[in-house]
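Dear colleague,

My notes on it follow directly after.

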Amino acid sequence: MIMRNFVLLTLMITVMFYFISCNMNTSKVEENDYDDFICGPLETVVFFIPMDGIKDSEIEKLKTEFQERVQYYHPGLFVETLEHFNTPDSCINSLNNKIDENILTSVLENNFLKMANEKAVNEIIFDKKHYGGCFIIGVTDKNIETKVHGLEKYKIPDGSEYERKQLSVITTKGPTKKKDLWKLAFHEFNHGYNGIEHCSNNSCIMSNYKGKNPHFERKDSLCLDCSVQLIIGD
């Protein structure tokens, strides 16, 4: 709790100086260019997709927890739900009944990404010039696997396509408990949307658990280094 309060205080101070800087720079903007001047946090929309056997009540709980917890780091955050989607047979390995994460993210991209961006811009955000993009997180109750850590088929509780930076898939199967699902979603959101890599700090929510129990019950925030990276970038 002390660590979390320290991180939040640091974030508040950083954001405060950011706004002060913005206000100082505003006076230098020509009047004709004012409409193009943007200051403050960008508006981001996270869309959850309930998949396979995931219940609406589970998604609503995840949405609420994600919104409440991540709002500290993303003041301009909106969290919405897209329509239910069943994983196509083409994404499932017939030998072990596990979802191939790489194939599934491509399917989600083709079916949802364009529509999600249009929905965000036309129905959700307040200012198109303030739009920072959307991020899609599919939530399934099936096992997923991917090629990582030198293995062709590596069972994982989550997965992001870094080069897309707009898609991820997480599952309720595996070592992550349902009550910690928002942490798993936040972990992947930081990978894909914020570009934050794995952290060596075992108390940070971005630590690399390599398919083992992430012990999310011991973590509920980013460490100071990852928090600063989130705000100011690399």
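I205 has a relative accessibility of 0%, and because buried means under 20%, this residue counts as buried. Please bear in mind that the model is a predicted one. I205 is located in the loop that connects α4 with α5 (224-232). Apart from neighbours up to four places away in sequence, its contacts are K183, F186, H187, F216, K219, S221 and L222. The C-alpha atoms of I205 and L184 are 8.4 Å apart in space, while the two residues are 21 residues apart in sequence.

A further buried position is N190, which belongs to helix α4; its relative accessibility is 0%, so it too falls in the buried class. With neighbours within four places in sequence left aside, N190 is in contact with G195, I196, M206, L222 and L230.

I next turn to helix α2. This helix comprises 15 residues, 56-70, and at 1.5 Å a residue it should span 21 Å; the C-alpha atoms at its ends are 21 Å apart, so expectation and model agree. The buried residues of α2 are I59, L62, K63, F66 and V70. Viewed down the helix axis, they fall within an arc of 105°, and therefore line one face of α2. Their packing partners are β1 (43-50), β2 (77-81), β5 (131-140) and α4 (181-192). On the face turned away from this buried side, α2 carries the exposed residues S57 and E68.

The largest has 32 residues, of which F48, F66, V139, F186 and L222 touch the most other members. Two or more residues of this core are contributed by each of β1, α2, β2, β5, α4 and α5. The largest share, 6 residues, is that of α4. F48 illustrates how residues from separate parts of the sequence come together: not counting residues up to four places away, it touches I59, L62, K63, F66, V79, E80, T81, L82, I137, V139 and A185. There is also a second, separate core of 25 residues, with M51, I99, L104 and I136 among them.

Yours sincerely

Terms used:
Residues numbered from 1 in each chain as written. Predicted model: local features only at pLDDT ≥ 70, side-chain atom pairs only at ≥ 80, totals over all residues. Heavy atoms only, no water. Helix = DSSP H or I, 4+ residues; strand = E, 2+ residues; numbered from the N terminus. Expected span 1.5 Å × (residues − 1). Buried < 20%, exposed > 50% of the residue type's maximum accessible area, 1.4 Å probe, protein only. Arc of directions from axis to C-beta. Contact = heavy atoms within 4.5 Å. Core = buried A, V, L, I, M, F, W, Y, C linked by side-chain atoms within 4.5 Å.
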